[in-house]
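Trainee: Please pick one part of this model and take me through it closely. I would like the charged side chains and what they join.

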Amino acid sequence: MTTAAVPAEQLLYWPEEAAKALRIGRSMVYEEIRLGRLQTVRIGRRRLVPPEYIERYVELLKREAEATA
């Protein structure tokens, strides 16, 4: 009997992967990072985005949408 390996949940995303998840462009992700609206962690020279920071960013967008409605 064999067991299929369960893929581990992705813990960190490259900015390009975060852009795909958010369905926005790579440049927009870097701009939002620069503005401090999308947080990242650094490992060496790399910037990576944890999933919870993507979720926080989406919540920020929702709050902004509600404030202008």
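Mentor: Start with burial: 25% of the 69 residues of the chain count as buried (buried is under 20% relative accessible area, exposed over 50%, partly exposed in between, with a 1.4 Å probe and protein chains only). This is a predicted model, in which local features need pLDDT of at least 70 and side-chain atom pairs count only at pLDDT 80 or more, while totals for chains, interfaces and linings use all residues. Residues are numbered from 1 along each chain as its sequence is written, and side-chain values use heavy atoms, with hydrogens and water left out.

The chain has 3 helices and 2 strands, in the order α-α-β-β-α. These are DSSP runs numbered from the N terminus: helices are H or I with at least four residues, strands E with at least two.

The whole structure holds 5 salt bridges (a side-chain nitrogen of Lys or Arg within 4 Å of a carboxyl oxygen of Asp or Glu). Look closely at Arg37. Glu32, Arg37 and Glu64 are linked in a network of salt bridges. Glu64 pairs with Arg37, with the closest N and O atoms 2.6 Å apart. That pair links distant parts of the chain: Glu64 lies in helix H3, Arg37 in the loop between H2 and strand E1 (41-43), 27 residues apart. Glu64 is partly exposed at 33% relative accessible area. Arg37 is partly exposed too, at 27%.

Glu32 sits in helix H2. Its relative accessible area is 6%, so Glu32 is buried. Beyond its neighbours within four places in sequence, Glu32 is in contact with Arg37, Leu38 and Tyr57 (contact means heavy atoms within 4.5 Å).

Leu60, in helix H3 (residues 51-68), belongs in this picture. Leu60 is buried, at 19% relative accessible area.

Arg26 and Glu16 meet at 3.1 Å, N to O. Arg26 is in helix H2 and Glu16 in helix H1, 10 residues apart, and the pair links distant parts of the chain. Arg26 is partly exposed at 48% relative accessibility, and Glu16 is partly exposed at 33%. Lys62 is partly exposed at 42% relative accessible area, as is Glu59 at 38%.
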